[in-house]
Amino acid sequence: MNFSILIFLFVAVLTTFAALVVVTNKNLVSAAMWLIVALFGAALTFVLLEATYIAVVQVVVYIGAIAVLIVFTIMLTRRSAEKEPSGATKQWPIAAVLSLALFSGLTYFYLTVPGTDRLAPVLDKELNMVSALGQLLVSPSGYVLPFELASVLLLAALIGSIVVAWRK
Amino acid sequence: MIPLAWYLIFAAAVFSIGLYGVLARKNIVAILMSIELMLTAININLIAFWRYSLDQGLAGQVFTIIVFAVSASEVAVGLALVISIYRRFKEISAEDINLLKW
């Protein structure tokens, strides 16, 4: 048992518990708070995997923007949520069986397929990952086309959400 | 050190919980929150595969950034739809909005 395993286990248990609370809590505001805990746990996982830039982006984008947006929407639609508590539908046992089947199937697959018991290779210490990532995102031999597509998608989503939510 | 399978099982657990939320919750905002959980699980998978692959490239991180962009636009449009639905029906329970159901 070394230290990183302990940290990983703590983060994994915390994140899984937070995710469980998110999908079962009837109070939407506290579900959103637990969603922030789960997203922060994912950011800690990225730190454990030495993808520090992704961890920072996870905190800024998910917790700073998406979670706040979700809390705003919960506040704006509060009257409907207060009228009837938001529980599960009548079909929730089917959903639980389906997700448990997916989880056990995936776990069985991961434990039996060869190569998943490997350990992480040592990262190149000389590599400046953030600048390499930035150059890869805008170089024509890299990923400039998906990058531009993502920016067009963001613009379309921006205009689309303004149009959809516009009060006529 | 931690084997790759541990990260994959952790991500599978978060993904399955999100799937349960999408299938079982009534409130549309709760369904959107569960979708965020599923996308986060996908990102954990992508970063784990990037970290454990012997290839020196950064493709896994690039994919994760694209997933960030997609999930940000998804949640923006989704919440705009929720607000629009709420204005029209005064209701955001997915069971009561059944105009397209037969």
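**Entry 1. Basis.** I worked from a predicted model, in which local features need pLDDT of at least 70, side-chain atom pairs count only at pLDDT 80 or more, and totals for chains, interfaces and linings use all residues. Residues are numbered from 1 along each chain as its sequence is written, chains are lettered from A and ligands numbered from 1 in the order in which they are written, and side-chain values use heavy atoms, with hydrogens and water left out.

**Entry 2. Helices 2 and 3 of chain A.** I took helices as DSSP runs (H or I, at least four residues), numbered from the N terminus. In chain A, the axes of helix 2 (residues 28-48) and helix 3 (residues 52-76) come within 9 Å and cross at roughly 175 degrees. Axes here are lines fitted to C-alpha atoms over the stretch in contact, with angles from 0 to 180 degrees between N-to-C directions. Helix 2 of chain A is therefore roughly antiparallel to helix 3 of chain A (an angle over 145 degrees).

I then looked up the residues that meet (heavy atoms within 4.5 Å). Helix 2 of chain A contributes residues including A:Leu28, A:Phe40 and A:Phe46, and helix 3 of chain A residues including A:Gln58, A:Tyr62 and A:Met75. The residues of this contact divide into 22 nonpolar, 1 polar and no charged. Nonpolar covers Ala, Val, Leu, Ile, Met, Phe, Trp, Tyr, Cys and Pro; charged covers Asp, Glu, Lys and Arg; the others, Gly among them, are polar.

**Entry 3. Chain B against chain A.** I noted 74 residues from chain B and 87 residues from chain A in the contact. The two chains bury about 7400 Å² between them, 74% of it on carbon and sulfur atoms (accessible area, 1.4 Å probe, lost on being put together, summed over both).

**Entry 4. Salt bridge.** I found 1 salt bridge over all chains (a side-chain nitrogen of Lys or Arg within 4 Å of a carboxyl oxygen of Asp or Glu). A:Glu50 pairs with B:Arg51, the closest N and O atoms being 2.9 Å apart. The pair crosses between chains, from the loop between helix 2 and helix 3 of chain A to helix 2 of chain B.

Note on methods: Helices (H or I, at least four residues) and strands (E, at least two) are DSSP runs, numbered from the N terminus. Angles under 35 degrees count as roughly parallel, over 145 as roughly antiparallel, 65 to 115 as roughly perpendicular and the rest as oblique.
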